[in-house]
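Let's take a walk through this protein model together. Keep the sequence and the 3D view open as you read.

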Amino acid sequence: MARKAVATKAKTQSNIPQLTKEQELEAYREMLLIRRFEEKAGQMYGMGLIGGFCHLYIGQEAVVTGITMASEKGKDAQITGYRDHGHMLVMGLDPKGVMAELTGRQGGLSKGKGGSMHMFSNEHRFYGGNGIVGAQASLGTGLGFAAKYKGDGSVSIAYFGDGAANQGQVYESFNMAKLWKLPVVFIIENNKYAMGTSIERSSATTDFSQRGASFDIPGEQVDGMDVRMVYEAAKRAIEHARSGKGPFILEMLTYRYRGHSMSDPAKYRTKDEVTKYRQERDPIEQIKARLLAEGYATEESLKATEAEIRAIVTEAADFATNDPEPDASQLWTDITISA
């Protein structure tokens, strides 16, 4: 019996995709940047330096990191909802510009006029940061339509949560994307709670990977806390879309450690639940353990990376605190008026 258990464990381990040393180190650094940036953003919100809403990505770092690693940076488009800071950081946007937008300063990515939920970069092919629940699914489908129309070989990657997955426009988008075989990968970041409502209470079916079944869109559930699993699944899904086979759905099983937003005390779940995820499933601690076990890094080198990341985040916070606010004349710029 013992031998059988050992053999089973070995077989399971062999089925887990492996990343190279360079990929593991890259993923660790990107996820650590997101984590420390979001922790600092939460601190600055508490100090009153960030106004409005602020939705943190702490706990979900492996999702956007693995997917972005599998995509073609500068070519593939990405679009998401209001939990967007981590997406911009991993796509290569300047942390100072991201943080300055949170504090409403002129050096922000939207010149201080968009705030936490409305940032974009055409240069990096990041299209928001969208505050309307589910809007990014239809807009992301539009990006897929543009990609097919232009024939540029790019893929649109549209992220939305388990709550947004119940929006009607999502299914209209699924239908259109499949009908026209658009190169779109729909990423459902299932963190178990639609704001403060669990998926069991808000969704009749909780296997979101099958939400495209009636449109003949293939889907897959993925361990969104393990960057290796995310990367491997994203590679398959992106290749499927890029090769002309149409859309693909990836349900990322993940978890947010903080409330829905900074104003949410998250009393709808127990502290034990959050602690269990932090202790047993944390994406950064998983990769840190692998780096040490494989000899890819030492405690000293990881401390050096930590110091480097903290310096970047501190610089971003200082910039976002001291950069001037937009001039009043900016109220009349970047506005489209239709007759």
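## The sheet and its helices

Strands S4 and S8 run parallel and are joined by six bridges. Strands here are DSSP runs of E with at least two residues, helices are runs of H or I with at least four residues, and both are numbered from the N terminus. Two strands count as paired if DSSP finds at least two bridges between them. Please keep in mind that this is a predicted model: local features need pLDDT of at least 70, side-chain atom pairs count only at pLDDT 80 or more, and totals for chains, interfaces and linings use all residues. Residues are numbered from 1 along each chain as its sequence is written, and side-chain values use heavy atoms, leaving out hydrogens and water.

The pair belongs to an open sheet of six strands in the order S2-S1-S3-S4-S8-S7, with parallel pairing. The edges are taken by S2 (126-129) and S7 (219-223), each with a single partner strand, so one side of each has no neighbour in the sheet. Neighbouring strands are turned by 15° against each other on average, direction ignored.

S7 pairs with S8 (residues 248-253) in the parallel sense as well, over five bridges. The table lists some residues and their partners in S8.

|---|---|
| Aspartate 223 | Leucine 253 |

Helix H7 (residues 168-179) touches S3 (156-161), S4 (184-190) and S8, and its direction makes about 150° with that of S4. Helix H9 (residues 227-242) touches S3, S4, S7 and S8, with its direction at about 160° to that of S7. Contact means heavy atoms within 4.5 Å, and the angles, which run from 0 to 180 degrees, are taken between N-to-C directions of axes fitted to C-alpha atoms, for helices over the stretch in contact.

## What is covered

S8 is mostly covered, with five of its six residues buried. Buried means under 20% relative accessible area, exposed over 50%, and partly exposed in between, using a 1.4 Å probe and protein chains only. In helix H3 (residues 61-70), ten of ten residues are buried, including Glu61, Thr65 and Ile67.

The largest nonpolar core has 65 residues, and Ile67, Met99, Val185, Ile187, Leu250 and Met252 touch the most other members. Such a core is a set of buried Ala, Val, Leu, Ile, Met, Phe, Trp, Tyr and Cys residues joined through side-chain atoms within 4.5 Å. Helix H2 (residues 21-46) gives the largest share of this core, nine residues. Leaving aside residues up to four places away in sequence, methionine 99 touches Phe37, Met44 and Ala316, among others.

## Two residues to look at

Is arginine 228 buried or exposed? Arginine 228 counts as buried because its relative accessibility is 9%. This residue sits in helix H9, and its side chain makes a polar contact with that of aspartate 226 (2.9 Å). A polar contact is a pair of N or O atoms within 3.5 Å; within protein, one must be able to donate a hydrogen and the other to accept it, and residues adjacent in sequence count only if both atoms are side-chain atoms.

Threonine 298 lies in the loop between helix H11 (283-293) and helix H12 (299-322). At 41% relative accessibility, threonine 298 counts as partly exposed.
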